[in-house]
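Opening the notebook on a new model. I want to look at the pocket lining, the strand pairing and the aromatic rings.

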Amino acid sequence: PAAEMPAPVAAETVTADIQSDGTAVTFKAPGQTDIPNDGSPYKTTLQQLRLEPKLDYLTIPKYSDAAFRRATVAYAESGPLLPGSASLFVGEAYIGQTKIKFTAQGDELALLLGVEDRITVERKLARRDVDKKLLRDQRQLRYGYTIAVKNLLNTAVQVVVKDHIPVSRHEQIKVKLDDVRPQPLEQTDLNLLEWQLDLAHGAEETVRYEYTVEHPRSLQVVGLLD
């Protein structure tokens with residue numbers, strides 16, 4: 001009888017040994033490798049890692065109405081990720097290149113994995129008027145914006161929306177954020193705003209906010225609109 005063929009075994013990629021000495025990390029490539037002296041590039045594998053990312057979508061509609069796929073990884077490996085170019089694939093589909101920053105143990109690495117056309121984003125100026133009830137030497141302007149986000153994917157998604165309102169650089173100019181729905185997840189000292197929207201399949205949610213700018217009539221103010 002014919003001998004049975006052994007079951008195929010997946011090839012194992014040999015990676016470098018990582019040695020840490022104080023503040024220095026050394027990657028010791030396996031075996032010996034001849035590098036041609038013809039100036040052509042040559043590659044060898046240093047690390048092969050499997051990381052579990054958190055997946056969501058990011059949009060900054062003041063600058064673009066696109067929603068980007070985002071993968072965020074809490075990096076816990078002992079050897080750092082070195083800075084450089086990285087090729088990105090979703091499944092077997094190549095979607096382009098990106099730059100990876102130096103990432104040490106305990107750092108967070110975020111990668112944008114292209115645009116998702118099935119999440120639509122629209123930002124509109126909904127209000128712009130002048131309050132005439134103040135004293136004659138003061139002027140108050142009110143602006144309002146809406147940001148509508150709709151999920152046309154077949155699954156529920158989490159979309160992070162980032163926006164900002166003007167920051168006063170003069171003591172006589174007062175900027176106040178009011179009438180925000182829903183409340184932002186974060187608002188920084190530089191008036192950067194962040195919302196986190198959980199959208200079911202086919203769901204749409206609209207972020208609404210208004211802000212006022214008060215200043216002396218004699219003072220010229222610029223940079224209030226996009």
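Predicted model: local features only at pLDDT ≥ 70, side-chain atom pairs only at ≥ 80, totals over all residues.

I looked up the lining of the largest pocket by class and got 17 nonpolar, five polar and one charged residues. The lining comes to 23 residues, and Leu-51, Leu-81, Ala-86, Ile-100 and Leu-111 lie nearest the centre. The volume I noted for this pocket is about 850 Å³.

Which strand gives the most to that lining? I found β5, with six residues. β4 (68-74), β5 (84-90) and β7 (108-115) each supply at least two.

Next, the sheet. I traced an open one of six strands, ordered β7-β4-β3-β10-β13-β12, with mixed pairing. β7 and β12 (186-187) are at the edges with a single partner strand each, so one side of each has no neighbour in the sheet. I then checked β4 against β7: they run antiparallel and are joined by six bridges. Phe-68 has Val-115 in β7 as its bridge partner.

Last, the aromatics. I got four aromatic pairs. For Tyr-145 and Tyr-209, the ring centres are 5.8 Å apart and the planes sit at 25°, so I logged the pair as stacked. The two are 64 residues apart in the chain, with Tyr-145 in strand β9 (residues 138-151) and Tyr-209 in strand β14 (residues 204-216).

Are these two buried or exposed? Tyr-145 is buried at 6% relative accessible area, and Tyr-209 is buried at 1%.

Technical notes. Residues numbered from 1 in each chain as written. Heavy atoms only, no water. 1 Å grid on protein atoms, 1.4 Å probe; cavity = no way out; pocket = protein on both sides within 12 Å on 5 of 7 lines; lining within 4 Å. Points joined across faces, edges and corners; volume = space filled by probe spheres on them. Helix = DSSP H or I, 4+ residues; strand = E, 2+ residues; numbered from the N terminus. Nonpolar A, V, L, I, M, F, W, Y, C, P; charged D, E, K, R; others polar. Pairing = 2+ DSSP bridges. Phe/Tyr/Trp six-rings, centres within 6.5 Å; stacked < 30°, edge-to-face > 60°. Buried < 20%, exposed > 50% of the residue type's maximum accessible area, 1.4 Å probe, protein only.
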